[in-house]
Amino acid sequence: MRNFKIWRGDSKGGDFVDYKIEPDVGMVILDVIHRIQAEQANDLAVRWNCKAGKCGSCSVEINGTYNNLKFHFRIRV
Ligand code: FES
């Protein structure tokens, strides 16, 4: 079981929320977000298009660093 912290908030503020999932082999960050969205937080919004690192519509901040296209990084299981 792995813990993922996702910033949830609005224009007034927010906080990190913990989500625990068991990642499957080959999952990328975007897959993790989709599973969390489907199973634990159906109000979570995520923007993406190709899931292939081609369109540039996804970007994310991971561990405090803004990373364009890092949604496609594989999770170590
Ligand atoms: S969804 Fe297209 S680059 Fe990430």
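This is a predicted model: local features need pLDDT of at least 70, side-chain atom pairs count only at pLDDT 80 or more; totals for chains, interfaces and linings use all residues.
Trainee: In what order do the elements of the chain run from the N terminus on?

Mentor: The secondary structure comes to one helix and four strands. Read from the N terminus, the order of these elements is β-β-α-β-β.

Trainee: How many bridges join β1 and β2, and in which sense do the strands pair?

Mentor: Strand β1 covers residues 2-10 and strand β2 covers residues 13-21. Two residues lie between β1 and β2, and the strands form a hairpin. Their pairing is antiparallel, and the number of bridges is nine.

Trainee: Which residue of β2 is the bridge partner of F4, and which is that of G9?

Mentor: Both answers lie in β2, the strand of residues 13-21 that pairs with β1. For G9 the partner is G14. For F4 the partner is Y19.

Trainee: Is β1 buried or in the open?

Mentor: A residue needs 20 or more other C-beta atoms within 10 Å to count as buried. Of the nine residues of β1, zero are buried, so the strand lies largely in the open.

Trainee: What share of the residues of the chain counts as buried?

Mentor: The same cut-off of 20 or more other C-beta atoms within 10 Å applies here. Over the 77 residues of the chain, the share that counts as buried is 6%.

Trainee: What radius of gyration does the chain have, against that of a compact globule?

Mentor: The C-alpha atoms fill a box of roughly 35 × 30 × 25 Å along the principal axes. With 77 residues, a compact globule would have a radius of gyration near 11 Å. The value for the chain agrees with this, at 12 Å.

Trainee: Where is K51, and what is its phi near?

Mentor: K51 is in the loop between α1 (29-39) and β3 (59-62). Most residues other than glycine have a negative phi. K51 is a residue other than glycine with a positive phi, near 55°.

Trainee: How far apart in space are G53 and R76?

Mentor: G53 is in the loop between α1 and β3, and G53 counts as partly exposed with 14 C-beta neighbours inside 10 Å. In sequence, G53 and R76 are 23 residues apart. In space, C-alpha to C-alpha, the distance is 19 Å.

How values were computed
Residues are numbered from 1 along each chain as its sequence is written. Two strands pair if DSSP finds at least two bridges between them. The radius of gyration is taken over C-alpha atoms; the globule rule is 2.2 Å times the number of residues to the power 0.38. A residue is buried if 20 or more other C-beta atoms lie within 10 Å of its own, exposed if 12 or fewer, and partly exposed in between; C-beta atoms are placed from the backbone.
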